[in-house]
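Dear colleague,

I am handing over a structure that may be new to you, and I would be glad if you could look through it alongside the notes that follow.

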Amino acid sequence: MGKPQRKRERGDADAEIDTETEILPSKQMSSPVAAPLPLPQDDKDIMPLLQNLQFEARSSRDFAWYDIHTFLAHRATNAGELEVRVRYADFGADEDEWVNVKKAVRVRSIPLESSECMKVHAGDLVLCFREGSNEAVHYDAHVMKIERKLHDVRGCRCLFVVKYDHDNTEEKVHLSRLCRRPKF
């Protein structure tokens, strides 16, 4: 089972870029890749191979998380914060956005398989797919409660009560809508 496809709907144009902010030149990379290092191969979830790292960024427009296709440039703000200009996967240049590296960029969340439902516990931070009339996006949420059920041929039937971090609303969801945060 793959990660639900991420979608977003936006009509907002990018905000004006601060002209006093120093923009540092950067090479355009088709994928964020680090030099290979000799890492243990026994548990890839705990220590992923660096050349396979993928990232996601939280948009300042809707607070949802989107997969990053490319890091386009980087800059340091007057406050000394590092920002990167990202192109989101499956979106064009008109959706490029400057995001704060420390606050809004992280290693990509991992889709959960049916057999992994016991890895989710109350209090865990998860990435939850939320579908509404005007949106179909991923938001950070915390698991509030879990209603464990017997699995059947369709997989996990458990229900997870999640509370979205951006608006504090709660919803009951199935495991297929959840992605977990990688552990390092």
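Does Glu56 count as buried or exposed? The model is a predicted one, and in it Glu56 has a relative accessibility of 0%, so Glu56 counts as buried, the cut-off for that being under 20%.

Glu116 lies in the loop between β7 (110–111) and β8 (125–131), while Arg180 belongs to strand β12, so the pair ties together parts that are 64 residues apart in sequence. Both Glu116 and Arg180 are buried. Salt bridges that share partners also join Glu56, Arg106, Asp140 and Arg181 into one network.

A further salt bridge links Arg87 with Asp96, whose closest N and O atoms are 2.7 Å apart; Arg87 is partly exposed at 23% relative accessibility, whereas Asp96 is buried at 4%.

Turning to the strands, β10 (residues 159–164) and β11 (residues 170–174) run antiparallel and are joined by five bridges, with Val161 standing opposite Lys172 in β11. The hairpin that they form has five residues between the strands, and in this hairpin Asn168 takes a positive phi near 60°.

With kind regards

How values were computed: Residues are numbered from 1 along each chain as its sequence is written. This is a predicted model: local features need pLDDT of at least 70, side-chain atom pairs count only at pLDDT 80 or more; totals for chains, interfaces and linings use all residues. Side-chain values use heavy atoms; hydrogens and water are left out. Two strands pair if DSSP finds at least two bridges between them. Helices (H or I, at least four residues) and strands (E, at least two) are DSSP runs, numbered from the N terminus. Buried means under 20% relative accessible area, exposed over 50%, partly exposed in between (1.4 Å probe, protein chains only). A salt bridge is a side-chain nitrogen of Lys or Arg within 4 Å of a carboxyl oxygen of Asp or Glu.
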